[in-house]
Amino acid sequence: MTLSDTKRLTFRRFDEKDAYLLFQLDSDPDVMKYITLGKPRTKKDIRNNILPKIIKSYDSTSHYGIFSAFLKLNGDFIGWFQFEADKLIPGAIEIGWRLKKNYWGNGYATEGAKMLVSTGRKLNRLIVAQAMIENKASIRVMEKAGLTFAEEFWGDYKPHSGKPDVRYELKP
Ligand SMILES: CC(C)(COP(=O)(O)OP(=O)(O)OC[C@H]1O[C@@H](n2cnc3c(N)ncnc32)[C@H](O)[C@@H]1OP(=O)(O)O)[C@@H](O)C(=O)NCCC(=O)NCCS
């Protein structure tokens, strides 16, 4: 089971051979600006920690996990979309996204986010998303997918920005 295709995007699960795809994302300080405050991840960290965690995310139920996203047009890897049980709110689904910089600004995140929202709505679940308060692009994507501001909170972005994170949500 993976995420449903959108007009321009198709998705699949990451597997053990995909560390190089995650490296394309997480080695870019601009991509990581509002995640690690710009600290790039090393190949070793991705191979030993990040990728195994993603692969483990497929264990819990067939719908859940972090899925790689590709352009239908040419098969380019553009990044990933997340659809997972929220760690803090029982029953809620956390959605998220991370795209390679050269694909920003084309509406891809919004396109994927709308699909995540409609998937969560079919399951009749509270949908939540979080971001550093200064991550305006990601917050805009949440809004365009139909989520609204829920709260500021001290989240798990480490190191966080010294400011609270924001949670957006869409009730079932
Ligand atoms: C967040 C991210 C996924 C957005 O991807 P994207 O494909 O460029 O998003 P979209 O094109 O669908 O939409 C972006 C929206 O944000 C707006 N935006 C972009 N930068 C902005 C900024 N600095 N301030 C305000 N709005 C901004 C765009 O104008 C657009 O809104 P609009 O259509 O109303 O004009 C991408 O920037 C990214 O991968 N960033 C790094 C990883 C990350 O931060 N992930 C989220 C962690 S919470």
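In which sense do β4 and β5 pair, and over how many bridges? I opened the notebook with that one. My look-up says the two strands run parallel, and two bridges hold the pairing. A reminder to myself: this is a predicted model.

**Entry 1: around β5**

I checked who faces whom, and glutamate 94 stands opposite valine 128 in β5. Next I followed the chain between the two strands: β4, α3 and β5 form a β-α-β unit, and it is right-handed. On to the other partner. β5 also pairs with strand β7 (residues 165-170), antiparallel this time, through six bridges. In that pairing I found alanine 129 opposite tyrosine 168 of β7.

Is β5 enclosed or open? I went through strand β5 (residues 127-132) and found six of its six residues buried, so the rest of the structure largely encloses it. Both faces are covered: Ile127, Ala129 and Ala131 are buried on one side, and Val128, Gln130 and Met132 are buried on the other.

**Entry 2: the nonpolar core**

Which residues touch the most other members of the largest nonpolar core? I got Phe81, Ile95 and Ala113, out of 41 residues in that core. Helix α3 (residues 108-122) gives the most to this core, namely six residues.

I then picked phenylalanine 81 and listed its contacts, skipping neighbours within four places in sequence. The list reads Leu3, Phe11, Phe67, Ala69, Trp97, Gly112 and Leu116.

**Entry 3: isoleucine 46**

I looked up isoleucine 46 and found it in helix α2 (residues 43-56). Why does isoleucine 46 count as buried? Because it has 21 C-beta neighbours inside 10 Å, and the cut-off is 20 or more.

Again leaving out neighbours within four places in sequence, I noted that isoleucine 46 is in contact with Ala19, Leu22, Phe23, Asp26, Arg41 and Leu51. I also checked aspartate 18, which is 28 residues away from isoleucine 46 along the chain; their C-alpha atoms are 9.7 Å apart.

**Entry 4: around the ligand**

Last stop, the ligand. I found 21 residues around it, and Ala109, Thr110, Lys136, Ala137 and Arg140 come nearest. Which element gives the most to this shell? It's α4, with five residues. I also wrote down that β4 (93-99), α3 and α4 (136-144) each supply at least two. Sorting the shell by type, I got 11 nonpolar, seven polar and three charged residues.

Note on methods: Residues numbered from 1 in each chain as written. Predicted model: local features only at pLDDT ≥ 70, side-chain atom pairs only at ≥ 80, totals over all residues. Helix = DSSP H or I, 4+ residues; strand = E, 2+ residues; numbered from the N terminus. Buried ≥ 20, exposed ≤ 12 C-beta atoms within 10 Å, placed from the backbone. Contact = placed C-beta atoms within 7 Å. Core = buried A, V, L, I, M, F, W, Y, C linked by C-beta atoms within 7 Å. Near = placed C-beta within 6 Å. Nonpolar A, V, L, I, M, F, W, Y, C, P; charged D, E, K, R; others polar. Pairing = 2+ DSSP bridges. Right-handed = clockwise from strand over helix to strand, strands pointing away.
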